[in-house]
Amino acid sequence: MDFLESKETLTTIEWILRGVVSFVFLLLVTKIMGQRSISQLRLLDFIIAMTLGNIIAHPLSDEQLGLKGSMITTIVLIVLYIAATWLSLKWPFFKHYLDPSPITLVKNGVIQFQNLTKARISIEFLFSEIRKEKVEDIQKVSLAIWEPGGTISVFTDTQYQPVTPADLKLATQPFVLSRPIIIDGKVDLSVLQELGKDLLWLNTKIEPAKMKIRDVILATVNDNENVKVYSGLEKEKVKNSK
């Protein structure tokens with residue numbers, strides 16, 4: 001474990017070990033921090049991400065800096081991050097500081113210029129985000145809000161929203177979700193277990209395709225327990241279409 005300490009020089013193996021240990025360590029601490037820290041960076045998440053990057057990066061490029069100290073510092077920061085996240089759930093003032101209230105940018109087709117300044121974004125950026133929502137005229141926007149995570153939520157006026165079967169009072173089929181159950185000849189046992197089925201049932205379902213499980217490129221199953229088997233030819237079509 002000498003490679004964790006500061007040294008005058010490191011061998012090639014010791015450099016490799018530092019990289020492997022740092023990679024595994026960051027995977028573990030990111031898992032502890034939770035999914036939020038890697039979804040949309042907010043104030044607290046951004047600070048932690050920037051700090052951890054610098055702490056871990058330096059020992060990976062300078063043999064005279066010990067890796068152990070960086071790991072200890074990282075653990076301390078993770079504890080502080082979790083504590084701050086917990087406090088934000090208990091203290092409204094602290095939560096408001098970390099996650100400020102959304103800012104209205106457009107209301108009933110009218111740009112709130114004073115709020116653009118407050119959010120520190122330009123008109124060009126606002127129009128760019130609205131175009132991403134496939135809205136060509138800002139007057140069609142009923143409400144646009146600058147979210148704490150750095151995104152803009154856009155809601156068009158009801159008269160410009162797409163017509164749905166519910167609006168036309170049309171009967172529709174229930175929603176059915178399809179999921180991969182076989183990929184490259186390997187069965188996803190968790191999906192099979194969720195359905196309450198076994199391999200014998202799956203073999204029965206793919207039997208009409210005249211294939212064995214190990215020969216199946218892709219097979220999906222939906223909520224109605226219908227299994228669809230895709231051939232290798234269909235896989236090539238997908239590749240060629242990309």
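Modeller: Let us begin with confidence, since this is a predicted model. The mean pLDDT of the protein chain is 78, and 74% of its residues reach 70 or more.

Biologist: Which elements of the protein chain have the lowest and the highest mean pLDDT?

Modeller: The lowest mean, 42, belongs to helix α11 (residues 232-241), whereas strand β3 (residues 141-146) has the highest, 94. There are also stretches to read with care: pLDDT stays under 50 over residues 35-39, for which the model has eight contacts beyond four places in sequence, and it stays under 50 over residues 233-242 as well, with three such contacts.

Biologist: What does the chain contain as a whole, and how many helices and strands are there?

Modeller: The protein chain has eleven helices and eight strands. Of its 242 residues, 28% are buried, and the chain exposes about 16,800 Å², of which carbon and sulfur atoms supply 60%. If we take the contacts with a separation of 6 or more, 51% of them are between residues 24 or more positions apart.

Biologist: How should I read a helix when some of its residues are buried?

Modeller: The general idea is that an α-helix has 3.6 residues a turn, so residues three or four places apart point the same way. In helix α7 (residues 123-132), the buried residues are Leu126, Glu129 and Ile130. They lie on the same side of α7, because they cover an arc of only 100° around the axis.

Biologist: What covers that buried side, and which exposed residues does the face turned away from it carry?

Modeller: The cover of the buried residues includes β1 (103-107), β2 (110-111), α6 (113-119), β3 and β4 (152-156). The face turned away from the buried side carries Glu124, Arg131 and Lys132, which are exposed. After α7 comes Lys134, whose phi is positive, near 60°.

Biologist: Helix α6 was part of that cover. Is Asn115, for example, buried or exposed?

Modeller: Asn115, which is found in helix α6, is buried, because its relative accessible area is 16% and the cut-off for buried is under 20%. Leaving aside residues up to four places away in sequence, Asn115 touches Ile103, Thr104 and Leu105.

Biologist: Where do Arg179 and Glu194 lie?

Modeller: These two residues form another salt bridge, in which the closest N and O atoms of Arg179 and Glu194 are 3.1 Å apart. Arg179 is in strand β5 (residues 178-183) and Glu194 in helix α9 (residues 189-195), so the pair ties together parts that are 15 residues apart in sequence. Glu194 is exposed, with a relative accessible area of 58%.

Biologist: And which side chain does Glu225 meet in a salt bridge?

Modeller: Glu225 meets Lys197, at 3.5 Å from N to O. This pair links distant parts of the chain, 28 residues apart: Glu225 is in the loop between β7 (218-222) and β8 (227-230), while Lys197 is in the loop between α9 and α10 (199-206). Glu225 counts as partly exposed at 28% relative accessibility, and Lys197 counts as partly exposed at 28% too.

Biologist: How far apart are the C-alpha atoms of Lys212 and Gly185?

Modeller: They are separated by 8.4 Å, although Lys212 and Gly185 are 27 residues apart along the chain. Lys212 lies in the loop between α10 and β7 and is partly exposed, with a relative accessible area of 48%.

Biologist: Last, which residues form a nonpolar patch on the surface?

Modeller: Ile72, Val76 and Leu80 form one, and together they have about 280 Å² of accessible area. Leu80 has its place in helix α4 (residues 67-90). Leu80 counts as exposed because its relative accessible area is 52%, and exposed requires over 50%.

Note on methods. Residues numbered from 1 in each chain as written. Predicted model: local features only at pLDDT ≥ 70, side-chain atom pairs only at ≥ 80, totals over all residues. Heavy atoms only, no water. Patch = residues over 30% accessible without salt bridge, like charges linked within 9 Å, V, L, I, M, F, W, Y side chains within 5 Å. Areas by Shrake-Rupley, 256 points an atom, 1.4 Å probe, with all protein chains shown as cover. Salt bridge = Lys/Arg side-chain N within 4 Å of Asp/Glu carboxyl O. Helix = DSSP H or I, 4+ residues; strand = E, 2+ residues; numbered from the N terminus. Buried < 20%, exposed > 50% of the residue type's maximum accessible area, 1.4 Å probe, protein only. pLDDT = per-residue confidence, 0-100. Contact = heavy atoms within 4.5 Å. Arc of directions from axis to C-beta.
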